[in-house]
Amino acid sequence: MRKMSNRGNFMILVNTKFDAGSIVVHDISNPQNLRFGIRNDTNSHFAQWFYFQLSNVRGQELNLSLEGLDKTAYPDGWDGYNVCASYDNQNWFRIDSSFANNTLSWSLTPECNSIYFAYFEPYSYARHLELIGFANECENVQHQIIGQTAEGRNLDLLIIGNPKAERKVWITARQHPGESMAEWFMEGLIYRLCDEQDAVSINLLKNHVFYLVPNMNPDGAYHGNLRTNTTGTNLNREWLTPSIDKSPEVYHTRNKMLETGVDIFFDIHGDEALPFVFTSGCEDNPSFSTKQNALQQQFEELFPLINPDYQTKVGYPKGHFSSESATVGTKWVGNQFDCLAYTLEMPFKDNANLPNDLYGWNGERSSLLGASLLTMLNLLR
């Protein structure tokens, strides 16, 4: 909690003492020039996530800036980006923002006494527990704790369907904890998959079993990190040789995969720079097979027809992961199991093909995308 002097008889408050709260205060002496910066991830040089609250601001003209953004993990991510804001920490909207000289700036006169700002619509640990609790009460769901994180939080696995089913579908999310759109995606998918009146879900579960890890990095998410857990480890570079000390989250998930087998895999992420929904597959793997190629072609032909938010024209170039490829979750799974394996990316900005000036890309659109993936999987042969 930080305070600043104001022209009236009260103080403007800056608060980050909540789940995923994070900001660095540079200068808060003038409401017309509130200056902030980005905090590094725990034990890491990565920096991009922010989430804070201003209070005692109703009716005041405020000018805010985030400075030193050339030192963040993805400086290109700020160009064309608009800040997320909420008065109630539940309903989020976008504020027009400008980026110049390594500084992001925005202005507003708040309608309420308090307002939150965040890099993307947050998905709290409390909501994560509620999601697990909802699924735990569904008839066709098994909830397993497959391990614990570096700080002792549970690593939750939801098994939906019959484990003896023909196809094993694994979906993981939030290896990078600041990519909160990934757990919104999982929420939409889980609620639909648990709907006993949804024909697509009912049909899928005849011959599919789903292994879902809605949050691979609950420690990092709780502490407001962008890319790492609290040991400072980027989990999505640990899949070749994970360890209990540095990356227990990957270690336990990988072991469970080896136990169950994998026929289809999706790892859900958010991309800071590209304003599109896209996938990255296993084409760069030396082991990339005719079978994998046929499944990718089928997916990329059908999914844009099911959900036009997904497109295939813009994405990562060939060789994007270069020497790190073997350590990335999708690449390791595709190589290990000779299956359809994709990283699915959503934007922190907006979907440039279907923009929404008020909300940008947000939690609801992420949830709808997650639900629509089930329609795609129902068609995949």
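Which element gives the most residues to the lining of the largest pocket? Strand β16 does, with 3 residues. The structure is a predicted model, in which local features need pLDDT of at least 70 and side-chain atom pairs count only at pLDDT 80 or more, while totals for chains, interfaces and linings use all residues. Residues are numbered from 1 along each chain as its sequence is written, and side-chain values use heavy atoms, with hydrogens and water left out.

**The largest pocket**

The volume of the largest pocket is about 350 Å³. A pocket here is an open set of points on a 1 Å grid over the protein atoms alone, where a 1.4 Å probe fits, with protein on both sides within 12 Å along at least five of seven lines; lining residues have an atom within 4 Å of a point. The volume is the space filled by probe spheres set on the points. The lining comprises 20 residues, and Y74, R227, R237, Y316 and H320 lie nearest the centre. Two or more lining residues come from each of β16 (264–271) and β18 (340–347); strands are DSSP runs of E with at least two residues, and helices are runs of H or I with at least four, numbered from the N terminus. By class, the lining has 6 nonpolar, 7 polar and 7 charged residues, where Ala, Val, Leu, Ile, Met, Phe, Trp, Tyr, Cys and Pro count as nonpolar, Asp, Glu, Lys and Arg as charged, and the others, Gly among them, as polar.

**Helix packing**

Axes are lines fitted to C-alpha atoms over the stretch in contact, and angles run from 0 to 180 degrees between N-to-C directions.

| Pair | Angle | Axis distance |
|---|---|---|
| α1 (125–136) and α2 (181–193) | roughly 15° | within 11 Å |
| α6 (290–306) and α8 (363–379) | about 130° | 10 Å |
| α2 and α8 | about 45° | 7 Å |

Helices α1 and α2 are therefore roughly parallel, a term for angles under 35 degrees; those over 145 count as roughly antiparallel, 65 to 115 as roughly perpendicular and the rest as oblique. Their crossing is left-handed, meaning that the near helix is turned anticlockwise from the far one by less than a right angle; clockwise gives right-handed. In this pair, R127, H128, L131, F134 and A135 of α1 meet E183, W184, E187, I190 and Y191 of α2, contact being heavy atoms within 4.5 Å. The contact has 6 nonpolar, 1 polar and 3 charged residues.

The angle between α6 and α8 makes α6 oblique to α8, and their crossing is right-handed. Q298, F299, L302, F303 and I306 of α6 contact L369, S372, L373, T375, M376 and L379 of α8. That contact comprises 8 nonpolar, 3 polar and no charged residues.

The angle between α2 and α8 makes α2 oblique to α8, with a right-handed crossing. Among the contributors are W184 and F185 of α2 and G370 and A371 of α8. The contact of α2 with α8 has 9 nonpolar, 7 polar and 1 charged residues.
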